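Please keep the sequence and the structure in view while reading.

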Amino acid sequence: MASTDPVVAVVGSYNVGLTMQVPAFPGPGETVVGHEFAEGPGGKGSNQAIAAARLDAESRFVGRVGADRYGDDAVALWEAEGVDAHAVGKDDSTHTGVGFVIIDEDGENEITVAPGANDRLSAADVRAEASAIETADCLLVQLEIGDDPVRAAVETAAEAGTTVVCNPAPARELPADVLERVDYLTPNEHEARTLAGVDGRGGDASESGDEVTGEAVARELLDLGVGTVVLTRGGAGALLVSDDGVERVDTPSVDVVDTTGAGDAFNGALAVALAEGLDDRAAVRFGCAGGALAVTASEVIPGLPERGAVDDLVAESW
């Protein structure tokens with residue numbers, strides 16, 4: 001490893017997660033009676049910052065919360081988890097972000113979000129905390145914040161030579177000047193199609209087999225200026241696609257309890273591995289191991305793995 005003290009800066013969202021277990025997802029107009037309820041911290045940015053901290057990185061978070069109980073809880077959480085949150089602002093004009101999660105008996109989830117203070121994070125806010133990004137080994141950013149702060153974050157990182165990882169979730173198209181500054185883009189298959197402007201299987205992604213489809217769409221994203229695409233495929237692992245070729249990385253087999261935090265665990269682990277100087281294949285394996293361990297526990301934060309567990313699973317699996 002090139003560094004023994006990796007630094008990961010995360011620019012993104014914090015949301016309170018309100019989670020309910022249900023026997024099956026409701027259809028339009030249908031009411032389903034659930035059987036478990038939990039309230040806990042979430043938001044892709046915060047989750048990924050905590051994931052990085054648990055994997056022994058110096059983790060810095062740039063974001064915004066409301067001046068309310070949920071915002072106070074967030075600050076206490078980051079302090080307990082060892083996340084540097086000095087760059088998080090409090091907004092007294094709106095609420096802290098809230099996410100509603102329902103989980104079915106198979107562990108699959110559906111999520112809706114009311115962004116609140118996350119929508120108030122501005123490009124100026126991000127640039128005011130530029131030093132947190134410029135002195136990091138890796139920047140990790142997601143799309144639960146607006147285009148302007150995302151652009152400010154990746155521009156700041158690119159100018160400083162900080163590796164840029166973008167987890168494009170929830171999916172939306174990104175401006176070309178943002179994609180051109182992304183070193184590693186980590187969409188799932190749906191997000192990749194949205195970013196590439198490909199509906200369904202369409203275009204040259206219509207060959208038989210989902211893996212071929214994923215590779216073709218990933219190559220569309222390379223053509224838009226992205227350095228490397230890491231296409232996540234849930235339990236099927238990930239495709240590592242670059243100008244050097246394509247490689248499939250399998251996910252270790254585990255007993256699935258709750259998939260809610262898998263993507264955040266994967267991205268946090270990938271960012272830490274890249275910050276440490278691992279090569280692309282090793283970094284994606286580390287990310288897959290982190291994501292696999294996350295699905296073995298209920299709720300996001302309890303499921304984010306510690307460093308020793310990820311190292312052990314990597315050693316056992318490859």
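In this predicted model, the structure holds 18 salt bridges. Side chains of opposite charge can pair when their charged atoms come close. One of the salt bridges joins Asp148 to Arg151, with the closest N and O atoms 3.3 Å apart. Both residues belong to helix 5, which spans residues 147-160, and a separation of 3 residues places them about one turn of the helix apart. Asp148 has a relative accessibility of 47% and therefore counts as partly exposed, since that class lies between 20% and 50%.

A second salt bridge brings together the side chains of Arg233 and Glu189, at 3.9 Å from N to O. This pair links distant parts of the chain, 44 residues apart: Arg233 is in the loop between strand 11 (228-232) and strand 12 (238-242), while Glu189 is in helix 7 (residues 189-196). Arg233 counts as buried because its relative accessibility is 17%, whereas Glu189, at 23%, counts as partly exposed.

In a further salt bridge, the side chains of Glu276 and Arg307 meet at 2.8 Å, N to O. Elsewhere, salt bridges that share partners join Arg64, Asp91, Arg120 and Asp125 into one network.

The aromatic rings come next. A search of the whole structure finds 2 aromatic pairs. In the pair of Tyr14 and Trp78, the ring centres are 5.4 Å apart and the planes stand at 80°, so the arrangement is edge-to-face. Tyr14 is in the loop between strand 1 (7-11) and strand 2 (15-21), and Trp78 is in helix 2 (residues 69-81), so that the pair links distant parts of the chain, 64 residues apart. Tyr14 is buried, with a relative accessible area of 3%, and Trp78 is buried, with 1%.

The rings of Phe61 and Trp78 have their centres 5.1 Å apart and their planes at 55°, so this pair is tilted. Phe61 lies in strand 4 (residues 58-66), 17 residues from Trp78 in helix 2. Both Phe61 and Trp78 are buried.

Which residues does Ser46 contact, leaving aside its neighbours within four places in sequence? They are Ser13, Tyr14, Phe61 and Trp78. Ser46 itself lies in helix 1 (residues 44-54) and is buried, with a relative accessible area of 1%.

How values were computed: Residues numbered from 1 in each chain as written. Predicted model: local features only at pLDDT ≥ 70, side-chain atom pairs only at ≥ 80, totals over all residues. Heavy atoms only, no water. Salt bridge = Lys/Arg side-chain N within 4 Å of Asp/Glu carboxyl O. Helix = DSSP H or I, 4+ residues; strand = E, 2+ residues; numbered from the N terminus. Buried < 20%, exposed > 50% of the residue type's maximum accessible area, 1.4 Å probe, protein only. Contact = heavy atoms within 4.5 Å. Phe/Tyr/Trp six-rings, centres within 6.5 Å; stacked < 30°, edge-to-face > 60°.
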